[in-house]
Amino acid sequence: VQSVRHWRLPFWDPYVFCGRSFPGEMQTAAFYPLQLLLLFIPFNRDGVLNPELYNWWFALAHFLAACFMYALVRDLGLRRFSALLGAVCFAFSGFVAAVKEWPHMFESALWLPLVFLFCLRALRKENTAGFILNAAWSGLFLGMAVLAGGLHAVIMQGIAVVGAATFAGYERWSHNRELGFSAWSRPACVAMFVALIGLSAGAVQLLPSIEYGNLALRFLGNAPPQPATQKIPYAYLSEGLYPQSVIAPLFHSAFNGVLGSGECTPPYIGVFSFLLAIIGVWKSWHNMWVRYLTGLACGAFFYALGAYSLLHGLLYAIVPQLWVAREAGRFIYLANFAMAILVAFGAETLLSNSVDATGWASLKRVLKWVASASVVALAVPAIFAQPALNPWIGFPLVLIIASCGLFYYLVHGNRGLSAKIAILGLVMCDLY
(Lines give C-alpha, C1' and ligand atoms only; values in the text may rest on other atoms or scores of the structure.)
Protein backbone atom coordinates (compact mmCIF):
# COMPACT_ATOMS: atom_id res chain seq x y z
CA VAL A 1 0.00 0.00 0.00
CA GLN A 2 2.83 2.36 0.88
CA SER A 3 4.55 1.66 -2.45
CA VAL A 4 1.44 2.27 -4.55
CA ARG A 5 0.58 5.47 -2.67
CA HIS A 6 4.04 6.75 -3.63
CA TRP A 7 3.44 5.81 -7.26
CA ARG A 8 5.93 2.94 -7.18
CA LEU A 9 5.27 -0.51 -8.60
CA PRO A 10 5.23 -3.06 -5.74
CA PHE A 11 8.41 -4.88 -6.74
CA TRP A 12 10.63 -4.38 -3.70
CA ASP A 13 10.00 -4.13 0.04
CA PRO A 14 12.82 -2.12 1.62
CA TYR A 15 11.48 -2.41 5.19
CA VAL A 16 11.82 -6.13 5.97
CA PHE A 17 15.18 -7.84 6.55
CA CYS A 18 17.61 -6.06 4.18
CA GLY A 19 14.88 -5.77 1.59
CA ARG A 20 12.97 -8.51 -0.18
CA SER A 21 11.13 -9.19 -3.42
CA PHE A 22 7.36 -8.71 -3.60
CA PRO A 23 6.97 -10.83 -6.78
CA GLY A 24 9.11 -13.59 -5.27
CA GLU A 25 7.23 -13.74 -1.97
CA MET A 26 3.75 -15.07 -2.73
CA GLN A 27 2.43 -14.53 0.79
CA THR A 28 2.64 -10.75 0.51
CA ALA A 29 -0.04 -10.87 -2.26
CA ALA A 30 1.21 -7.55 -3.61
CA PHE A 31 -0.65 -8.05 -6.91
CA TYR A 32 -3.95 -9.26 -5.45
CA PRO A 33 -6.69 -7.02 -6.90
CA LEU A 34 -8.84 -7.03 -3.74
CA GLN A 35 -5.93 -5.53 -1.82
CA LEU A 36 -6.45 -2.38 -3.86
CA LEU A 37 -9.36 -1.75 -1.49
CA LEU A 38 -6.77 -1.16 1.22
CA LEU A 39 -5.60 1.90 -0.70
CA PHE A 40 -8.77 3.65 0.46
CA ILE A 41 -8.23 2.84 4.15
CA PRO A 42 -6.35 5.72 5.79
CA PHE A 43 -3.27 5.10 7.89
CA ASN A 44 -3.53 5.93 11.58
CA ARG A 45 -1.20 8.21 13.53
CA ASP A 46 1.36 5.40 13.81
CA GLY A 47 1.62 5.16 10.04
CA VAL A 48 -0.05 1.76 9.68
CA LEU A 49 -3.46 0.54 8.57
CA ASN A 50 -6.23 1.33 11.03
CA PRO A 51 -6.95 -2.02 12.76
CA GLU A 52 -10.67 -1.34 13.13
CA LEU A 53 -11.09 -0.57 9.44
CA TYR A 54 -8.96 -3.57 8.55
CA ASN A 55 -11.37 -5.72 10.58
CA TRP A 56 -14.21 -4.41 8.43
CA TRP A 57 -12.22 -5.34 5.33
CA PHE A 58 -11.67 -8.83 6.76
CA ALA A 59 -15.39 -9.17 7.44
CA LEU A 60 -16.11 -8.12 3.87
CA ALA A 61 -13.88 -10.94 2.61
CA HIS A 62 -15.91 -13.45 4.67
CA PHE A 63 -19.10 -11.99 3.24
CA LEU A 64 -17.68 -12.51 -0.26
CA ALA A 65 -16.91 -16.14 0.59
CA ALA A 66 -20.54 -16.61 1.64
CA CYS A 67 -21.80 -14.93 -1.55
CA PHE A 68 -19.61 -17.14 -3.73
CA MET A 69 -20.89 -20.33 -2.08
CA TYR A 70 -24.48 -19.06 -2.30
CA ALA A 71 -24.04 -18.58 -6.06
CA LEU A 72 -22.60 -22.09 -6.47
CA VAL A 73 -25.42 -23.80 -4.57
CA ARG A 74 -28.05 -21.84 -6.49
CA ASP A 75 -26.37 -22.87 -9.74
CA LEU A 76 -26.75 -26.50 -8.63
CA GLY A 77 -30.53 -25.95 -8.66
CA LEU A 78 -31.24 -25.63 -4.93
CA ARG A 79 -33.50 -23.07 -3.28
CA ARG A 80 -32.47 -19.84 -1.60
CA PHE A 81 -32.59 -21.00 2.01
CA SER A 82 -30.54 -24.10 1.23
CA ALA A 83 -27.99 -21.90 -0.54
CA LEU A 84 -27.92 -19.52 2.44
CA LEU A 85 -27.23 -22.39 4.83
CA GLY A 86 -24.43 -23.74 2.65
CA ALA A 87 -22.94 -20.24 2.41
CA VAL A 88 -22.97 -19.81 6.20
CA CYS A 89 -21.30 -23.18 6.74
CA PHE A 90 -18.56 -22.45 4.19
CA ALA A 91 -17.73 -18.89 5.28
CA PHE A 92 -18.03 -19.23 9.07
CA SER A 93 -16.80 -22.73 9.89
CA GLY A 94 -13.99 -25.16 9.24
CA PHE A 95 -10.86 -24.14 7.36
CA VAL A 96 -12.10 -20.77 6.07
CA ALA A 97 -13.00 -19.60 9.59
CA ALA A 98 -9.89 -21.03 11.25
CA VAL A 99 -7.08 -19.66 9.05
CA LYS A 100 -7.52 -16.03 10.10
CA GLU A 101 -3.90 -16.02 11.31
CA TRP A 102 -2.83 -16.48 7.69
CA PRO A 103 -4.74 -13.92 5.57
CA HIS A 104 -3.13 -15.14 2.36
CA MET A 105 -4.48 -18.65 2.93
CA PHE A 106 -7.96 -17.36 3.74
CA GLU A 107 -8.09 -15.00 0.78
CA SER A 108 -7.04 -17.77 -1.61
CA ALA A 109 -9.49 -20.22 -0.07
CA LEU A 110 -12.58 -18.05 -0.58
CA TRP A 111 -12.39 -18.34 -4.42
CA LEU A 112 -13.01 -22.09 -4.74
CA PRO A 113 -16.84 -21.82 -5.02
CA LEU A 114 -16.52 -19.58 -8.09
CA VAL A 115 -13.77 -21.74 -9.60
CA PHE A 116 -15.99 -24.80 -9.13
CA LEU A 117 -19.18 -23.05 -10.32
CA PHE A 118 -17.79 -22.04 -13.70
CA CYS A 119 -15.98 -25.35 -14.07
CA LEU A 120 -19.32 -27.17 -13.71
CA ARG A 121 -20.92 -24.79 -16.20
CA ALA A 122 -18.14 -25.47 -18.68
CA LEU A 123 -18.64 -29.22 -18.23
CA ARG A 124 -22.36 -28.81 -18.93
CA LYS A 125 -21.99 -26.65 -22.05
CA GLU A 126 -22.19 -28.44 -25.38
CA ASN A 127 -21.36 -25.47 -27.62
CA THR A 128 -17.71 -24.48 -27.93
CA ALA A 129 -18.23 -20.79 -27.14
CA GLY A 130 -20.05 -21.53 -23.88
CA PHE A 131 -17.43 -24.08 -22.87
CA ILE A 132 -14.52 -21.70 -23.51
CA LEU A 133 -16.17 -18.72 -21.81
CA ASN A 134 -17.05 -20.58 -18.62
CA ALA A 135 -13.71 -22.38 -18.44
CA ALA A 136 -12.00 -18.99 -18.85
CA TRP A 137 -13.99 -17.53 -15.95
CA SER A 138 -13.08 -20.54 -13.81
CA GLY A 139 -9.42 -20.07 -14.68
CA LEU A 140 -9.59 -16.35 -13.97
CA PHE A 141 -10.88 -16.96 -10.45
CA LEU A 142 -8.19 -19.61 -9.98
CA GLY A 143 -5.71 -16.89 -10.95
CA MET A 144 -7.23 -14.65 -8.26
CA ALA A 145 -6.49 -17.39 -5.73
CA VAL A 146 -2.88 -17.48 -7.00
CA LEU A 147 -2.50 -13.72 -6.62
CA ALA A 148 -3.92 -13.89 -3.07
CA GLY A 149 -0.75 -15.76 -2.10
CA GLY A 150 -1.98 -19.10 -0.71
CA LEU A 151 -0.27 -21.59 -3.00
CA HIS A 152 -1.47 -24.60 -0.98
CA ALA A 153 -5.10 -23.53 -1.40
CA VAL A 154 -4.50 -23.18 -5.15
CA ILE A 155 -3.10 -26.72 -5.34
CA MET A 156 -6.17 -28.04 -3.55
CA GLN A 157 -8.47 -26.08 -5.84
CA GLY A 158 -6.69 -27.60 -8.81
CA ILE A 159 -7.28 -31.06 -7.36
CA ALA A 160 -11.01 -30.28 -6.99
CA VAL A 161 -11.24 -29.11 -10.63
CA VAL A 162 -9.30 -32.07 -12.06
CA GLY A 163 -11.34 -34.44 -9.91
CA ALA A 164 -14.62 -32.91 -11.11
CA ALA A 165 -13.55 -33.15 -14.75
CA THR A 166 -12.42 -36.76 -14.31
CA PHE A 167 -15.67 -37.70 -12.57
CA ALA A 168 -17.77 -35.99 -15.26
CA GLY A 169 -15.89 -37.93 -17.94
CA TYR A 170 -16.42 -41.20 -16.08
CA GLU A 171 -20.16 -40.50 -15.69
CA ARG A 172 -20.52 -39.81 -19.44
CA TRP A 173 -18.56 -42.95 -20.29
CA SER A 174 -20.49 -45.17 -17.85
CA HIS A 175 -23.83 -44.05 -19.29
CA ASN A 176 -22.75 -44.51 -22.89
CA ARG A 177 -19.64 -46.63 -23.33
CA GLU A 178 -19.86 -46.32 -27.08
CA LEU A 179 -18.54 -42.79 -26.73
CA GLY A 180 -15.13 -44.18 -25.90
CA PHE A 181 -12.39 -41.55 -25.70
CA SER A 182 -14.76 -38.75 -26.70
CA ALA A 183 -16.49 -39.05 -23.30
CA TRP A 184 -13.27 -37.87 -21.69
CA SER A 185 -12.11 -35.32 -24.26
CA ARG A 186 -14.38 -32.41 -23.23
CA PRO A 187 -13.72 -32.76 -19.46
CA ALA A 188 -9.98 -33.00 -20.15
CA CYS A 189 -10.13 -29.84 -22.27
CA VAL A 190 -12.02 -28.04 -19.49
CA ALA A 191 -9.39 -28.97 -16.88
CA MET A 192 -6.50 -27.96 -19.15
CA PHE A 193 -8.14 -24.68 -20.16
CA VAL A 194 -8.90 -23.75 -16.53
CA ALA A 195 -5.28 -24.51 -15.58
CA LEU A 196 -3.89 -22.52 -18.53
CA ILE A 197 -5.99 -19.42 -17.81
CA GLY A 198 -5.37 -19.70 -14.07
CA LEU A 199 -1.60 -19.91 -14.46
CA SER A 200 -1.65 -17.04 -16.95
CA ALA A 201 -3.76 -14.82 -14.67
CA GLY A 202 -1.40 -15.46 -11.75
CA ALA A 203 1.81 -15.43 -13.78
CA VAL A 204 2.98 -12.04 -12.48
CA GLN A 205 3.25 -13.63 -9.02
CA LEU A 206 3.77 -17.29 -9.84
CA LEU A 207 6.69 -17.16 -12.29
CA PRO A 208 8.93 -14.87 -10.19
CA SER A 209 8.21 -16.98 -7.11
CA ILE A 210 9.35 -20.11 -8.97
CA GLU A 211 12.64 -18.38 -9.77
CA TYR A 212 12.88 -17.12 -6.21
CA GLY A 213 12.30 -20.66 -4.94
CA ASN A 214 15.49 -21.81 -6.66
CA LEU A 215 17.43 -19.62 -4.20
CA ALA A 216 15.39 -20.25 -1.06
CA LEU A 217 15.80 -22.65 1.86
CA ARG A 218 13.00 -24.30 3.84
CA PHE A 219 13.31 -24.82 7.60
CA LEU A 220 11.45 -27.82 9.05
CA GLY A 221 11.67 -27.85 12.83
CA ASN A 222 14.78 -29.74 13.94
CA ALA A 223 15.56 -30.96 10.44
CA PRO A 224 18.46 -29.44 8.52
CA PRO A 225 17.48 -26.69 6.04
CA GLN A 226 16.17 -28.06 2.75
CA PRO A 227 16.36 -26.39 -0.66
CA ALA A 228 12.85 -25.16 -1.48
CA THR A 229 12.97 -27.03 -4.79
CA GLN A 230 13.81 -30.38 -3.17
CA LYS A 231 11.13 -32.92 -2.26
CA ILE A 232 10.77 -33.04 1.50
CA PRO A 233 11.76 -36.41 3.00
CA TYR A 234 8.70 -38.16 4.39
CA ALA A 235 10.31 -38.53 7.83
CA TYR A 236 10.23 -34.74 8.25
CA LEU A 237 6.48 -34.49 7.68
CA SER A 238 4.65 -34.36 11.01
CA GLU A 239 1.68 -32.14 10.24
CA GLY A 240 -1.67 -33.89 10.07
CA LEU A 241 -4.87 -34.67 11.93
CA TYR A 242 -4.82 -37.19 14.76
CA PRO A 243 -7.08 -40.27 14.44
CA GLN A 244 -9.39 -38.99 17.20
CA SER A 245 -10.37 -36.15 14.86
CA VAL A 246 -12.92 -38.56 13.38
CA ILE A 247 -15.29 -37.27 16.10
CA ALA A 248 -14.42 -33.63 15.41
CA PRO A 249 -17.52 -33.05 13.19
CA LEU A 250 -19.54 -33.40 16.41
CA PHE A 251 -17.08 -32.30 19.12
CA HIS A 252 -15.10 -29.27 17.98
CA SER A 253 -12.77 -29.10 20.98
CA ALA A 254 -12.65 -32.72 22.07
CA PHE A 255 -9.35 -33.83 23.61
CA ASN A 256 -8.81 -30.21 24.71
CA GLY A 257 -8.83 -29.12 21.09
CA VAL A 258 -5.63 -31.03 20.26
CA LEU A 259 -6.70 -32.75 17.06
CA GLY A 260 -3.46 -32.71 15.15
CA SER A 261 0.10 -31.51 14.83
CA GLY A 262 1.18 -28.55 12.78
CA GLU A 263 -1.30 -26.22 11.10
CA CYS A 264 -4.43 -28.34 11.54
CA THR A 265 -8.03 -27.17 11.70
CA PRO A 266 -10.90 -29.36 12.90
CA PRO A 267 -13.42 -30.44 10.25
CA TYR A 268 -16.26 -28.84 12.20
CA ILE A 269 -19.27 -27.32 10.44
CA GLY A 270 -21.76 -27.56 13.31
CA VAL A 271 -23.76 -30.44 14.78
CA PHE A 272 -27.05 -29.83 12.97
CA SER A 273 -25.14 -28.94 9.80
CA PHE A 274 -23.34 -32.27 9.99
CA LEU A 275 -26.69 -34.03 10.33
CA LEU A 276 -27.91 -32.17 7.23
CA ALA A 277 -24.79 -33.24 5.33
CA ILE A 278 -25.52 -36.89 6.18
CA ILE A 279 -29.12 -36.43 5.02
CA GLY A 280 -27.86 -34.80 1.82
CA VAL A 281 -25.71 -37.82 1.01
CA TRP A 282 -28.44 -40.29 1.96
CA LYS A 283 -31.37 -38.70 0.16
CA SER A 284 -29.61 -37.11 -2.84
CA TRP A 285 -27.21 -39.89 -3.80
CA HIS A 286 -28.78 -39.97 -7.25
CA ASN A 287 -27.22 -36.56 -7.98
CA MET A 288 -23.80 -37.09 -9.58
CA TRP A 289 -22.25 -34.09 -7.85
CA VAL A 290 -23.42 -35.31 -4.45
CA ARG A 291 -21.55 -38.54 -5.15
CA TYR A 292 -18.46 -36.63 -6.23
CA LEU A 293 -18.52 -34.27 -3.24
CA THR A 294 -18.96 -37.20 -0.85
CA GLY A 295 -15.90 -38.86 -2.33
CA LEU A 296 -13.98 -35.58 -2.21
CA ALA A 297 -14.85 -35.02 1.47
CA CYS A 298 -13.89 -38.56 2.51
CA GLY A 299 -10.70 -38.57 0.44
CA ALA A 300 -9.61 -35.16 1.76
CA PHE A 301 -10.26 -36.21 5.36
CA PHE A 302 -8.24 -39.40 5.11
CA TYR A 303 -5.43 -37.59 3.30
CA ALA A 304 -5.43 -34.93 6.05
CA LEU A 305 -4.53 -37.65 8.59
CA GLY A 306 -1.01 -37.37 7.20
CA ALA A 307 1.38 -40.07 8.37
CA TYR A 308 -1.52 -42.04 9.87
CA SER A 309 -3.06 -42.47 6.41
CA LEU A 310 -2.03 -44.96 3.74
CA LEU A 311 -3.69 -42.65 1.19
CA HIS A 312 -1.36 -39.81 2.16
CA GLY A 313 1.75 -41.96 1.87
CA LEU A 314 0.81 -43.37 -1.53
CA LEU A 315 -0.17 -40.04 -3.08
CA TYR A 316 2.88 -38.28 -1.61
CA ALA A 317 5.07 -40.90 -3.25
CA ILE A 318 3.51 -41.02 -6.72
CA VAL A 319 1.82 -37.66 -7.47
CA PRO A 320 4.31 -35.16 -8.97
CA GLN A 321 4.80 -31.89 -7.06
CA LEU A 322 2.18 -32.76 -4.42
CA TRP A 323 4.98 -32.43 -1.86
CA VAL A 324 4.83 -28.64 -2.34
CA ALA A 325 1.67 -28.69 -0.18
CA ARG A 326 3.45 -30.35 2.71
CA GLU A 327 0.89 -29.64 5.49
CA ALA A 328 -1.48 -32.59 5.08
CA GLY A 329 -3.88 -31.18 7.67
CA ARG A 330 -4.72 -28.28 5.39
CA PHE A 331 -6.50 -30.64 3.02
CA ILE A 332 -9.44 -30.54 5.40
CA TYR A 333 -10.27 -27.41 3.37
CA LEU A 334 -11.60 -29.61 0.55
CA ALA A 335 -13.64 -31.65 3.02
CA ASN A 336 -15.22 -28.50 4.50
CA PHE A 337 -15.98 -27.16 1.02
CA ALA A 338 -17.71 -30.39 0.00
CA MET A 339 -19.60 -30.70 3.30
CA ALA A 340 -20.98 -27.15 3.01
CA ILE A 341 -22.60 -28.06 -0.31
CA LEU A 342 -23.88 -31.36 1.10
CA VAL A 343 -25.46 -29.36 3.97
CA ALA A 344 -27.41 -27.42 1.35
CA PHE A 345 -28.61 -30.64 -0.29
CA GLY A 346 -29.67 -31.98 3.10
CA ALA A 347 -31.63 -28.82 3.91
CA GLU A 348 -33.27 -28.96 0.48
CA THR A 349 -34.48 -32.50 1.17
CA LEU A 350 -35.54 -31.95 4.78
CA LEU A 351 -37.56 -28.84 3.94
CA SER A 352 -39.20 -30.28 0.85
CA ASN A 353 -42.98 -30.57 1.10
CA SER A 354 -42.93 -33.64 -1.15
CA VAL A 355 -40.99 -35.76 1.35
CA ASP A 356 -43.07 -38.35 3.22
CA ALA A 357 -42.59 -38.30 7.01
CA THR A 358 -42.53 -42.10 7.08
CA GLY A 359 -39.28 -42.02 5.10
CA TRP A 360 -37.44 -40.78 8.18
CA ALA A 361 -38.41 -43.62 10.51
CA SER A 362 -34.96 -45.26 10.65
CA LEU A 363 -33.13 -41.96 11.26
CA LYS A 364 -35.67 -40.97 13.92
CA ARG A 365 -34.93 -44.17 15.84
CA VAL A 366 -31.19 -43.56 15.67
CA LEU A 367 -31.50 -39.93 16.79
CA LYS A 368 -33.79 -40.92 19.65
CA TRP A 369 -31.05 -43.13 21.09
CA VAL A 370 -28.39 -40.49 20.41
CA ALA A 371 -30.41 -37.83 22.21
CA SER A 372 -31.13 -40.17 25.16
CA ALA A 373 -27.44 -41.03 25.51
CA SER A 374 -26.54 -37.32 25.44
CA VAL A 375 -29.07 -36.55 28.18
CA VAL A 376 -27.60 -39.30 30.36
CA ALA A 377 -24.05 -38.09 29.67
CA LEU A 378 -25.07 -34.62 30.87
CA ALA A 379 -27.24 -35.71 33.78
CA VAL A 380 -24.83 -38.08 35.53
CA PRO A 381 -22.05 -35.49 36.13
CA ALA A 382 -24.67 -32.88 37.00
CA ILE A 383 -26.25 -35.06 39.71
CA PHE A 384 -23.25 -36.91 41.11
CA ALA A 385 -20.47 -34.42 40.20
CA GLN A 386 -18.55 -37.40 38.84
CA PRO A 387 -17.04 -37.89 36.37
CA ALA A 388 -16.01 -34.31 35.69
CA LEU A 389 -17.34 -33.13 32.34
CA ASN A 390 -15.31 -30.71 30.25
CA PRO A 391 -17.54 -27.79 29.17
CA TRP A 392 -16.30 -28.22 25.60
CA ILE A 393 -17.71 -31.75 25.70
CA GLY A 394 -20.89 -30.74 27.52
CA PHE A 395 -21.77 -27.94 25.12
CA PRO A 396 -21.74 -30.21 22.02
CA LEU A 397 -23.98 -32.65 23.93
CA VAL A 398 -26.48 -29.81 24.38
CA LEU A 399 -26.21 -29.06 20.66
CA ILE A 400 -26.79 -32.73 19.82
CA ILE A 401 -29.96 -32.78 21.92
CA ALA A 402 -31.15 -29.52 20.31
CA SER A 403 -30.37 -30.86 16.83
CA CYS A 404 -32.35 -34.05 17.43
CA GLY A 405 -35.30 -32.01 18.74
CA LEU A 406 -35.18 -29.68 15.73
CA PHE A 407 -35.08 -32.64 13.36
CA TYR A 408 -38.24 -34.08 14.99
CA TYR A 409 -39.90 -30.68 14.71
CA LEU A 410 -39.12 -30.49 10.98
CA VAL A 411 -40.12 -34.00 9.94
CA HIS A 412 -43.53 -33.54 11.50
CA GLY A 413 -44.48 -30.98 8.89
CA ASN A 414 -43.05 -27.75 10.28
CA ARG A 415 -41.24 -26.27 7.30
CA GLY A 416 -42.33 -22.63 7.32
CA LEU A 417 -40.54 -19.43 8.23
CA SER A 418 -40.31 -20.28 11.94
CA ALA A 419 -38.58 -23.56 11.12
CA LYS A 420 -36.05 -21.81 8.89
CA ILE A 421 -35.34 -19.23 11.59
CA ALA A 422 -34.82 -22.06 14.10
CA ILE A 423 -32.39 -23.84 11.74
CA LEU A 424 -30.36 -20.74 11.00
CA GLY A 425 -30.35 -19.67 14.65
CA LEU A 426 -29.10 -23.05 15.86
CA VAL A 427 -26.39 -23.22 13.19
CA MET A 428 -25.17 -19.68 13.88
CA CYS A 429 -25.11 -20.19 17.67
CA ASP A 430 -23.20 -23.41 17.11
CA LEU A 431 -20.60 -21.86 14.80
CA TYR A 432 -20.23 -18.87 17.11
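A residue counts as buried under 20% relative accessible area, as exposed over 50%, and as partly exposed in between. Keep that cut-off at hand for this tour of a predicted model.

**Stop 1: R124 and its partners**

Select R124. Its relative accessible area is 42%, so R124 is partly exposed. R124 and D75 form a salt bridge, with 2.9 Å between the closest N and O atoms. R124 belongs to helix α6 (residues 112–124) and D75 to helix α2, so this pair ties together parts that are 49 residues apart in sequence. D75, R121 and R124 are linked in a network of salt bridges.

**Stop 2: other salt bridges**

How many salt bridges are there by this rule? The count is 7. Go to R20 and D13. Their side chains meet in a salt bridge at 3.5 Å, N to O. Check D13 for cover.

Next, select R326 and E327. The closest N and O atoms of this salt bridge are 3.4 Å apart. Are R326 and E327 buried or exposed? Both are buried.

**Stop 3**

Most residues other than glycine have a negative phi. Two residues here are worth a look on that point.

Select F17. Its phi is near 55 degrees, a positive value in a residue other than glycine. F17 sits in the loop between β1 (12–13) and β2. At 75% relative accessibility, F17 counts as exposed.

Move to A29. Phi of A29 is near 50 degrees, again positive in a residue other than glycine. The loop between β2 and α2 holds A29. With a relative accessible area of 2%, A29 is buried.

**Stop 4: the nonpolar patch**

Stay in the loop between β2 (20–21) and α2 (51–75) and pick F40. F40 counts as exposed, at 70% relative accessibility. With F40, they make a nonpolar surface patch of about 430 Å².

**Stop 5: the cavity**

Which residues line the largest cavity? Select L34, L37, W57, L60, A61 and L64. L37 and L60 also belong to the patch of the previous stop. The volume of the largest cavity is about 30 Å³. The structure holds 1 cavity of 30 Å³ or more.

**Stop 6: the second largest pocket**

Turn to an open site. The second largest pocket has a volume of about 820 Å³. To find its centre, select V1, Q2, F22, T28 and Q35, the closest to it of the 32 lining residues. Colour α1 (2–5), α2 and α5 (103–109) next. These are the elements that give two or more residues to the lining. What is the lining of the second largest pocket by class? It has 22 nonpolar, 7 polar and 3 charged residues.

**Stop 7: A297**

End in helix α12 (residues 288–304), where A297 lies. At 10% relative accessibility, A297 counts as buried. Select Q157 too and draw the C-alpha to C-alpha distance. A297 and Q157 are 13 Å apart in space and 140 residues apart in sequence.

Notes. Residues numbered from 1 in each chain as written. Predicted model: local features only at pLDDT ≥ 70, side-chain atom pairs only at ≥ 80, totals over all residues. Heavy atoms only, no water. Patch = residues over 30% accessible without salt bridge, like charges linked within 9 Å, V, L, I, M, F, W, Y side chains within 5 Å. Areas by Shrake-Rupley, 256 points an atom, 1.4 Å probe, with all protein chains shown as cover. Salt bridge = Lys/Arg side-chain N within 4 Å of Asp/Glu carboxyl O. Helix = DSSP H or I, 4+ residues; strand = E, 2+ residues; numbered from the N terminus. Buried < 20%, exposed > 50% of the residue type's maximum accessible area, 1.4 Å probe, protein only. 1 Å grid on protein atoms, 1.4 Å probe; cavity = no way out; pocket = protein on both sides within 12 Å on 5 of 7 lines; lining within 4 Å. Points joined across faces, edges and corners; volume = space filled by probe spheres on them. Nonpolar A, V, L, I, M, F, W, Y, C, P; charged D, E, K, R; others polar.
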